[in-house]
Structures are given as C-alpha cells and as structure tokens.
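Student: Could we go through some labels used for this model and ask what stands behind each of them?

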Amino acid sequence: MKPEINHFNYLLFCFILLLCLTGGCKKDDSESQIEIIIGADYQGGVVFYIDEPNKHGLIAATIDQSISASWWNGTYIATGSSSLTDGAANTTIIVQTQGNSGSYAAKLCRDYKGGGYNDWYLPSKEQLNILYAQKAVVGGFSSQIYWSSTEYNNGPESSVWVQDFETGEQHLDSKSDAANVHTRAIRSF
C-alpha cells in the first residue's frame, strides 16, 4: 500500500527548495542590514567618516580615554605618518617601542575595549582633523587639545601633532606634556 502524497505540502516544499536554490534564503545578518551613516552608533562607537564607496570608515569612542596622559617620554619613535590610514600603524609602533607598562595615550587607546572591540588606536593627524570636524556628531569632547599619533621631529624636545578642539588649530606639543591633553580612541571598519 503506497502512502498518500499531500500535494499542497509537496508544492510548498518545492517552492521553498527553489527559493533557497535561487538565493532567496539568506542568513539574516543584522549588521549588513544597518545603514551606516555619519553619526550612527556602530561597532562600539559613533561613525565619523565613511569612504567614497561607502564600505569602510572610522568610528570614534564615545568617551575620552584620558584627560591627562602623556603621549610618551619624548624619545623619537618615527611615527610621522599622518594619512587617513596611519593611526593604527602609528599606534602599533608606539606600543611596541614603549611596551605595556605605564599609562600613555597610544596604550590607553590600544587597551580600550569599547563595544567589545579590541582594535582601537590613537588617530593620526589627518584622522584627528576629521574627528574634530565631526565633533558635534560624535559628542562628548572637551574644548582642550587632543593627541594624534603623528610625530613631528627628532630634536631634543621631540614633538607630536595635537588638535585644539575649541579652535580647530593643529599645532605641535611636547610628548611629555600631560596637562589638559585629552586622548580619544578610534577604530576602522
């Protein structure tokens, strides 16, 4: 005796199978469903820059990691890179040179785990300038100066670029200065 086939269930099964084979059944990836725009809360911070094809960008932490940490002890490390992609590499060089002891700007950024992410870094001069331009969107900034990861020179008083978050001016500051110099971590996506 043959079992009776329910034609409705058979057609439903065929439809679902056809739908999955043609790409209609996709795993729900909620992150891919999010429209990423400047000012969006995303991956542990706030988006403040998106590249031209709208696939990659920069995210800022929502709080400062320090209001008084020094950049380092004044020794030249060679982190003069300043483009939109150099902050992470600069931070790696600084932390590898300085080590894991102490509390300095690049290490504070590297140690930050905002949103569960562990790839935060001290922004380059150019990244910091873009962050300044979007400070109202990101929020929580002081009207003091902020460290970049970009060095300037190898003189007796080794300097690093900073940005005044009141005036927008970028200027040089001594790496050993810690008074009222803030640190804000960023990350790439």
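Tutor: A salt bridge here is a side-chain nitrogen of Lys or Arg within 4 Å of a carboxyl oxygen of Asp or Glu, and a search of the whole structure finds four of them. This is a predicted model, in which local features need pLDDT of at least 70 and side-chain atom pairs count only at pLDDT 80 or more, while totals for chains, interfaces and linings use all residues. Residues are numbered from 1 along each chain as its sequence is written, and side-chain values use heavy atoms, with hydrogens and water left out.

Student: Why is the contact of K175 and E151 called a salt bridge?

Tutor: The N to O distance between their side chains is 2.0 Å, and the limit is 4 Å, so the pair qualifies. K175 lies in the loop between β6 and β7 and E151 in strand β4, 24 residues apart (strands are DSSP runs of E with at least two residues, helices runs of H or I with at least four, numbered from the N terminus).

Student: What makes K175 and E151 count as buried?

Tutor: Buried means under 20% relative accessible area, exposed over 50% and partly exposed in between, with a 1.4 Å probe and protein chains only; K175 has 0% and E151 3%, so both are buried.

Student: How do you know whether I67 is buried or exposed?

Tutor: The relative accessible area of I67 is 55%, which is over 50%, so I67 is exposed.
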